[in-house]
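Subject: Structure handover and notes

Hello,

Here is the structure you asked to take over. Please open it first and keep it beside you while you read the notes.

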Amino acid sequence: MSVEVENDLIKFSYGEAHACVAKKGCTLVSFVVDGDEYLYLSEAANLSSKSPTPVRGGMPLIFPAFGNSYLESLKTVQQHGFVRNMAWDFVIAEVLTECTVARFRLSHRQCEKEQQYKNWCEFYGQPIKFELTMVFELFPDRITVNTGLVNENVSELEFQFLYHTYFRVPCVRDMYITGLKGAKYLDRLQTRYGLDGSPMLKVEEQTDKLYELGENNREIDILSGNYNVRLTASDNLKDLVVWNPWEENAAKMKDFEPKSSYRNMCCVEFGTIGGTTVTQGQRWQCQHTITII
Ligand code: TA6
């Protein structure tokens, strides 16, 4: 059990489970259990807090906008928001009886110089005062991420939210995702709607699907040889994105290395994309757990 701070990285462990969070975007960049790494991280990812680009890999946080948002209040905010670009504060890490806990925080004060934050504030005609917190709890076989958002001054603050998680898999073609049966989806590549009738989803080409999860889709498994994980989340995360850029698009991404590593990753991302609001003085929160099975 240990906690180490190495410049911009916070490394902590509990028994045979190890995690590492970069202050840049409060991005979980490594989750190792019994010697096996479960997150994909590009070899070209820049983990420095000063880097101008978000971390390519791990679990960046998408907030307040998903993609180029269709929501009026978020139209001027860049793709996937700006908090993944900010240097978050590391608050404290503690080894407790059952797990190791690490806490991080980002407030509007750290974002005042960020153009995308300013664009967001323009819609409300005032500086948005907010605080985001991320609390990681590392257990021997799982990691839970708790996120909180406090809206201090806007009567109704609208946002989208997603854990943009890149999972490492031995071979994407041999991977199955289960738990999506009966869920409606939007194929974002063809702007086509569908319904998943199959008990198992295979990813064998460029994929970008946005699922609307029903009550039978609350447990999603990624099954891939000996790398098997179960994803669960609080009920307010009703959407799930499955993304793999495949060969041609991986080649176009400067920070995606090696180019062939699209074969060893798949993004499976819990979030809320329809748009959620938090009223002034209130706290919104959500939770996501990755368990090794
Ligand atoms: O979450 C899937 C997605 O929105 C894809 O459409 C793809 O563009 C991807 O995220 C990567 O986005 P990024 O801005 O991190 O390069």
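This is a predicted model: local features need pLDDT of at least 70, side-chain atom pairs count only at pLDDT 80 or more; totals for chains, interfaces and linings use all residues.

The whole chain

The chain contains three helices and 22 strands. Its radius of gyration is 18 Å, close to the 19 Å that the globule rule gives for 293 residues, so the chain is as compact as a globular protein of that length. Along the principal axes, the C-alpha atoms fill a box of roughly 50 × 50 × 40 Å. Of the 293 residues, 41% are buried. If you take the contacts between residues at least 6 apart in sequence, 68% of them join residues at least 24 apart.

The ligand

Which residues are found around the ligand? They are Gly67, Gln79, His80, His164, Arg188, Asp208, Val241, Trp243, Cys267 and Glu269. Two elements give two or more residues each to this shell, namely β20 (239–244) and β21 (265–279). Sorted by class, the shell has three nonpolar, four polar and three charged residues.

Strand β20 also pairs with another strand. Six bridges join β17 to β20, and the two run antiparallel. Within this pair, Lys209 stands opposite Val242 in β20. Strand β17 (residues 207–212) is also joined to strand β14 (residues 184–187), by four bridges and again in an antiparallel way. There, Tyr185 stands opposite Tyr211 in β17. When you look at these strands, remember that in a regular strand the side chains alternate between the two faces of the sheet.

The annotated residues

The UniProt record, an unreviewed entry, marks Arg56, Gln79 and Arg84 as "binding site". These residues span 29 residues in sequence, yet no two of their C-alpha atoms are more than 14.3 Å apart, so they gather at one spot. Gln79 is also one of the residues around the ligand.

Arg56 is in the loop between β5 (36–37) and β6 (61–62). Is Arg56 buried or exposed? Arg56 is buried, because 20 other C-beta atoms lie within 10 Å, and 20 or more is the cut-off for a buried residue. Leaving aside neighbours within four places in sequence, Arg56 is in contact with Ser42, Ala44, Ala45, Asp255 and Phe256.

Arg84 lies in the loop between β6 and β7 (89–95). With 20 other C-beta atoms within 10 Å, Arg84 is buried. Not counting residues up to four places away in sequence, Arg84 touches Gly25, Thr27, Pro54, Pro60, Leu61 and Ile62.

The sheet from β1 to β5

Five strands form an open sheet in the order β1-β2-β3-β4-β5, with antiparallel pairing. At its edges stand β1 and β5, each with a single partner strand, so one side of each is left without a neighbour in the sheet.

Strand β1 (residues 2–6) is hardly covered, as the count of buried residues among its five residues is zero. Five bridges join β1 to strand β2 (residues 9–14), and the two run antiparallel. One of the paired positions is Glu6, whose bridge partner in β2 is Leu9. Together β1 and β2 form a hairpin with two residues between them. Asn7, in the turn of that hairpin, has a positive phi of about 55°.

Val33 has Asp36 in β5 as its bridge partner.

Glu37 is also in strand β5. How many other C-beta atoms lie within 10 Å of Glu37? The count is 13, and Glu37 is partly exposed. Apart from neighbours within four places in sequence, Glu37 is in contact with Ser30, Val32 and Arg168. From Glu37 to Asp187 there are 150 residues in sequence and 29 Å in space, C-alpha to C-alpha.

Begin with the ligand and find Gln79, which belongs to the shell and carries the "binding site" annotation in the UniProt record. Then go to Arg56 and Arg84, which the record annotates as well.

Regards

Conventions
Residues are numbered from 1 along each chain as its sequence is written. A residue is near a molecule or strand if its C-beta atom, placed from the backbone, lies within 6 Å of it. Ala, Val, Leu, Ile, Met, Phe, Trp, Tyr, Cys and Pro count as nonpolar, Asp, Glu, Lys and Arg as charged, and the others, Gly among them, as polar. Two strands pair if DSSP finds at least two bridges between them. The radius of gyration is taken over C-alpha atoms; the globule rule is 2.2 Å times the number of residues to the power 0.38. A residue is buried if 20 or more other C-beta atoms lie within 10 Å of its own, exposed if 12 or fewer, and partly exposed in between; C-beta atoms are placed from the backbone. Two residues are in contact if their C-beta atoms, placed from the backbone, lie within 7 Å. UniProt positions are given in the numbering used here, feature names are shortened, and annotations may be inferred rather than shown by experiment.
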